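This report describes how selected parts of one protein chain pack against each other. Please examine the sequence and the structure before reading on.

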Amino acid sequence: MANLGPNDEVIDDAASTSSSTSSEYCIVSNPNTPRRSSVNSDQIAADMSELLAGLTDPSTEDWEFDQQSDSASDGRSTPILDEDGRVLSQSESEEEMGNQSGDANVASDDSYLKAISRSEPNINQSVIGQSATEASIGHAHSMTNVQPVAKSDQEFTVFDGVTYLGAAAVNAPRSEAEIIRNMTILNDHNTMAMPIKLMIPSTVEGDVRLVDRNSESEIGSFKIPRILFCTRGAIESAERNCFAFTSSHGDNAESTMFQCHVFRCDLSDAVGKILFCFKQLFSKFTRKLSNSVLTSSTDKYIDNLFTFEVTLEIKEEDSKGGFSSCPVDNGAFKLRCDLVKSLTVTLVQTSNRELRAERCFGMLVSPGRNIKNSDMHLIEMTSMGYDHSFRSYSVNGQWDPAIDHFEVLNDETPKDMRVFMTIAVDLVFVGIREPVRFTMEARARIFPKNERFWYFSKKQAKESFFMHLKPAKLSEEDSQHITEQQFELESLMSATARERKKSLTLAFSKTNAYIDGIKTPTNEDEESDDESPMVSGSGHVTKDITDEELVKDWDETLKKWNANLATRPKLVPALCKRGIPEALRGAVWQLLAGCQHSEELVEAYRILIAKDSPVQDIILRDMHRTFPAHDYFKDVGGVGQDVLYKLNKAYSVYDAEVGYCQGLSFLVAALLLHMPEEQAFAVLVKIMFDYQLRNFYKDGFHDLQLRFYQLERLLQHQVPDLYSHMLDMQLEAHMYASQWFLSLFTAKFPLYLVYRIIDLFLCNGINTIFNVAIALLKDSRRELLALDFEGVLKFFRVTLPKKYRAETAANHLLDIANRTKIQSRKLQKYEQEYLAIQAAQMKQEDPVDMFKRENKRLIETNMRLEQENDGLAHELVTSKVTLRSDLDSAEDSVEDLSKRLEITTRAKLEADEVVKRLSVENSHLKEKYRTEVCTVEDKLKKSNEIIDQYKDICNKMSDRNEKATSMLKGDLETCKDIIGRCADCSKALKKAAENGPAPKPPIDQSVASKDKKIRELELELARTKLALVQVECRSQEMSHELTATQTELQTIKNSWWNKKISPFR
């Protein structure tokens, strides 16, 4: 393997085969670092400088992500609220996560197995090539052709049994759920799959390269600082051979995009080896980054370093025409809506030679934090200048929140919510060529205009600034006129940004279980045998496999258990006695506690973290005392202490009767080292309620006193000489066993022993405390018998925890505890004895003392109930106001709906009248049409009869005329023949022709009357035809009118009025 030393780890085949599910390694880096085609030491140094500069530059700080929202920041400056109700930027929410010792974090989510590794000693670093690698590792037959090769003067570990499935754009690059979802999609639809060689560099200066397996051409490369997150598919799913990592692309916050790249290996165990290579890279990157940060954090220009103390005071317009100071509660200004504000920014120089402020260039205000300069809004300045002592420079300004720009700062904020506001002043200093902008961020809570504040705090917001100057380069012309030395601004950084920069380290996903990367290296103080007590959180718990058979047994048992969660397998108690592998511990603890499906508690936790607790100040004060020896919790304000604070505060609100006890914080810390905070809260609730641990903390610790009595009686029965020795010294159980019961042995003992005790406790219940306590006393019997009172107390405080730093000593103690038999019947007997003793003491006790004690208890109970009552009263008032507002809105809606109903009803009545009228008209039209049709039919019938008669007459007349004409023609011919045969007749005829026509004979009157009648009949026939045509036209018009009326009626029936009215019918 390339660059593996004697102490480096190699993934074991057995571990990889049984390795889990969502093992993940993640690293936070700045995506704004531009990509380069080639890498050298100068470029790496430049990248580091840009990375560090991005941490304090407001324009590049927004690339970080808020895990609660699980979405990418778009760079907009909007107020963001964290789980505690505090307004934070997205960069703050993750910038200090995972302040570990450089190891990448490996986590387990729903699955129960994780990547397990073991040490392979004496690996030859000079071995190059596939055969040498196989010989040195000893199990390379299961590896997907892993071979270190040299390319471009860099060493790589090459995996050529890899298929590239594709990439997808993601919004939350460190969201495991989104990455697994994309992995599933690309694995199911792998039409664009490409066989590649994955080349992972051995140094952080190298690039992760993707090389086409066929053409040997490079298809992509990724710089180590731009790889944000790495995870694998679930071992029981179709994606067990898949892994994915997310990378950033872009040169600034606006153009930054994130991609998820998905790969599939030919063998599932190769996935663990690839992730192990990434882990080594991330560890090296952490050390390099830490060294770079430490180097950059030193003051390069100590002679030109100037420090300033800047304070901010906000006042509001009052009823007397002046301004009164706004109170400050929990670091947030309490402001009222619609009131003009007066801001006073005071600047005091605290070091180096005096820089005199000449004037203020402007005062600016904007809602939110990490505001760009272009988004700040100039307000009116009322005064500026030095005070009478010339020590401080003050700038006063006024702003009206009613302006649209400040709408966020003028809207009432919900309970337990805060908003951020940014105030800036541009000052011109003598000797500095350009104005210097001092920017402060403050939290505020907005109340109604008529709100009255009964308690008052004038604590001002303060911030320290560190300003570096460098000599200005003057032109020849300027140097002749300017005699004083001129400076240019090198940098200006607030104390908050400086502290954030110093604490830069790897940031781990909140969804993981904080396991592999959270390690505390062995400390010389831990191994020392001096008289100082062991610090809590000491000890190193490795994930190395020491008992492969135990891992296999747990693997088989967990498969059965996951198949039937309602029934605990019979082998679980025996396996818990042998121990739970560290990689499986978080998942097994959840199964033992019965909260593997605790959606209700998880949802309750997300609500509780936004609420205030009456003991939150006490909780915050105790945070640095919990596991200070552990890297995850040792940094003040770090992610470990922040998560620990939130979980303790949430439980104090969830269980108001118990609230908070310092010993509880150590148990919470142990849970947080194995699971996310939501699951840790669920397990804590189960331990406190189902395992009855909360009884130790309530009712004046009466149950705890009972346990002490039972422990003493057990000690008397099982180790009588030690009991007599303690009785002679008057050493009672509460003097040495209080932390054992209250913290479940987590406060002082090494972590290895702590975890093993919790294993047994979750499996066997509360009697485990007695088993371990008796085992501790048995194992230390000789030492205790030889000590006096002071020596015994010191032994319990100092020597006893250090005695079990070695795993062999701890295992020996646990063997004694497992062999110790404690019968429940005997504990019940001791309980009855204790209750009888308490009753006898109460009878003998002075009634006055008893009543005083009872009165004190009642007063404490009353105070607690009053606090709860105040909270409930506040919620009641808020609920009433909300309900009143909702009721007013409902009444307005009812009134509006009533008006609309009235209008609709009126329209319905009008529409009904129109329909009724149209129905009547339609009936009349139908009747009229029927009458007209009947009349026309009668007339038509009569006309047809007349026409038929006329036709008959005409036919008869035509026949008679034809007969008469034919007879006349025959008679005429006969006459012509007769006249032609007579000569005289012929002459007479000619003579008549010559004399002209003969006079007409008289007309026959009967024929004339018939002709007249014929003409009359013809005239009447014409009139009848005309009337018939008119009747047909009228009939056609009435048909058209009927059709139009029917169409109009149908249109009315189909109209929207009819549709609206039909439901009321």
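The text below treats a pair of packed helices and then the aromatic rings of this predicted model.

**Helix packing**

Two packed helices are described by the angle between their axes and the distance between the axes. Helix H16 (residues 662-672) packs against helix H17 (residues 677-689) at an angle of about 135°, and their axes are 9 Å apart. H16 and H17 are therefore oblique to each other, and their crossing is right-handed. On the side of H16, the contact is formed by Leu664, Leu667, Val668, Leu671 and Leu672. H17 contributes Glu677, Ala680, Val683, Leu684, Ile687 and Met688. Sorted by class, this contact of H16 with H17 comprises 10 nonpolar residues, no polar residues and one charged residue.

**Aromatic pairs**

The count of aromatic pairs comes to 31. Two of these pairs are set out in the table.

| Pair | Distance of centres | Angle of planes | Class |
|---|---|---|---|
| tryptophan 589 and tyrosine 755 | 6.2 Å | 75° | edge-to-face |
| tyrosine 654 and phenylalanine 681 | 5.6 Å | 85° | edge-to-face |

Tryptophan 589 lies in helix H12 (residues 585-593) and tyrosine 755 in helix H21 (residues 751-764); the pair links distant parts of the chain, 166 residues apart. Both tryptophan 589 and tyrosine 755 are buried.

Tyrosine 654 belongs to helix H15 (residues 639-654) and phenylalanine 681 to helix H17, 27 residues apart. Tyrosine 654 is partly exposed, with a relative accessible area of 35%, whereas phenylalanine 681 is buried, at 0%.

One aromatic cluster is formed by Tyr164, Phe222, Phe243, Phe245, Phe263, Phe278 and Phe282.

Methods: Residues are numbered from 1 along each chain as its sequence is written. This is a predicted model: local features need pLDDT of at least 70, side-chain atom pairs count only at pLDDT 80 or more; totals for chains, interfaces and linings use all residues. Side-chain values use heavy atoms; hydrogens and water are left out. Axes are lines fitted to C-alpha atoms, for helices over the stretch in contact, and angles run from 0 to 180 degrees between N-to-C directions. Helices (H or I, at least four residues) and strands (E, at least two) are DSSP runs, numbered from the N terminus. Angles under 35 degrees count as roughly parallel, over 145 as roughly antiparallel, 65 to 115 as roughly perpendicular and the rest as oblique. A crossing is left-handed if the near helix is turned anticlockwise from the far one by less than a right angle, and right-handed if clockwise. Contact means heavy atoms within 4.5 Å. Ala, Val, Leu, Ile, Met, Phe, Trp, Tyr, Cys and Pro count as nonpolar, Asp, Glu, Lys and Arg as charged, and the others, Gly among them, as polar. Rings of Phe, Tyr and Trp (its six-membered ring) pair if their centres lie within 6.5 Å; planes under 30 degrees apart count as stacked, over 60 as edge-to-face and the rest as tilted. Buried means under 20% relative accessible area, exposed over 50%, partly exposed in between (1.4 Å probe, protein chains only).
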